[in-house]
Amino acid sequence: MPTTSSAPLAVLVIGLVVATVVDLRTRRIPNVLTGAMAATGLTLAAFGFSRVSVGAALLGSVIGLVLMLPGHV
């Protein structure tokens, strides 16, 4: 079983590999996958599996949305 410091890293690596494979095959990353990764990150923060607080995780999500949304629109 992974330790508390390696669990978020393992989840991130798995998500990035899946996103990379999907992107290479379809030339797009589905919003479902992006949302699932964000929800997983928030869940890991909420249950204390990472060093990031829930507030910091939410702030990071908002900042990422603000920075990436203009390019999507």
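Which elements does the chain run through from the N terminus on? The order is α-α-α, and the secondary structure comes to three helices and zero strands. Here helices (H or I, at least four residues) and strands (E, at least two) are DSSP runs, numbered from the N terminus. This is a predicted model, where local features need pLDDT of at least 70, side-chain atom pairs count only at pLDDT 80 or more, and totals for chains, interfaces and linings use all residues. Residues are numbered from 1 along each chain as its sequence is written, and side-chain values use heavy atoms, with hydrogens and water left out.

Let's start with the whole chain. Its C-alpha atoms fill a box of roughly 35 × 25 × 15 Å along the principal axes. Of the 73 residues, 10% are buried; buried means under 20% relative accessible area, exposed over 50%, and partly exposed in between (1.4 Å probe, protein chains only).

Now look at helix 1, residues 6–26, where you will find Leu-16. This leucine is partly exposed, with a relative accessible area of 46%.

Arg-27 is exposed, at 72% relative accessible area. Its phi is near 65 degrees, a positive value in a residue other than glycine. Most residues other than glycine have a negative phi.

Finally, visit helix 3, residues 54–72.

Key: The expected span of a helix is 1.5 Å times one less than its number of residues.
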